[in-house]
Amino acid sequence: MNFGNPERRICFISAESMIYTFPEESVTAMSQQTPTSQNPHNNEPSRPREDRQSGVMLKARPETRQPSLYKVLLLNDDFTPMEFVVHVLERFFHKTADEATEIMLHVHRRGVGLCGIYTFEVAETKVSQVMDFSRANEQPLQCTMEKE
């Protein structure tokens, strides 16, 4: 199933509690068709779908939204060694040595630098990991997050 697809889908629940989903357009087209053959268990002609009661519940699937994203930022201070900042960027943000050095210099010159953009839970975890690692190594490095 593709949950990122914005098309509306119809959900069918069978008597055996099986769930089937179909695009809304195909369900609408199927419901408007009338069968032309006779019912094999009955001598009367089949009725159109609208007249039959099958016990199937139709429910439109709600549209999904993209989660909010958050920027993880490193703040400059006068005490944390540049090598430590590069190590943090490589370890927790999976940056290459060149990328980490570039971000570290940006933090050093401008006071703040972008480490990455993540969903709330991931950003919160990365901030916590950096802060814990900094404290464990007795460094005053600050890491924050803000909504994009």
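Me: Angles under 35 degrees count as roughly parallel, over 145 as roughly antiparallel, 65 to 115 as roughly perpendicular and the rest as oblique. How are α2 and α3 oriented to each other?

Reply: The model is predicted, with local features needing pLDDT of at least 70 and side-chain atom pairs pLDDT 80 or more, while totals for chains, interfaces and linings use all residues. Residues are numbered from 1 along each chain as its sequence is written, and side-chain values use heavy atoms, without hydrogens and water. The axes of helix α2 (residues 82-93) and helix α3 (residues 97-110) cross at roughly 130° and come within 9 Å, and α2 and α3 are therefore oblique. Helices here are DSSP runs (H or I, at least four residues) numbered from the N terminus, and the axes are fitted to C-alpha atoms over the stretch in contact, with angles from 0 to 180 degrees between N-to-C directions.

Me: Which residues meet there?

Reply: From α2, M82, V85, V86, L89 and E90 are in contact (heavy atoms within 4.5 Å) with A97, A100, T101, I103, M104 and H108 of α3.

Me: Switching to rings, how many aromatic pairs are there?

Reply: There are four, where a pair has ring centres within 6.5 Å, and planes under 30 degrees apart are stacked, over 60 edge-to-face and the rest tilted. F84 and F133 are stacked, at 5.5 Å between centres and 5° between planes; F84 lies in helix α2 and F133 in helix α4 (residues 120-136), so this pair ties together parts 49 residues apart in sequence.

Me: And what about F92 with F133?

Reply: Their centres are 5.4 Å apart with planes at 70°, so that pair is edge-to-face, and F92 in helix α2 is 41 residues from F133 in helix α4. F84, F92 and F133 form one aromatic cluster.

Note on methods
Helix = DSSP H or I, 4+ residues; strand = E, 2+ residues; numbered from the N terminus. Phe/Tyr/Trp six-rings, centres within 6.5 Å; stacked < 30°, edge-to-face > 60°.
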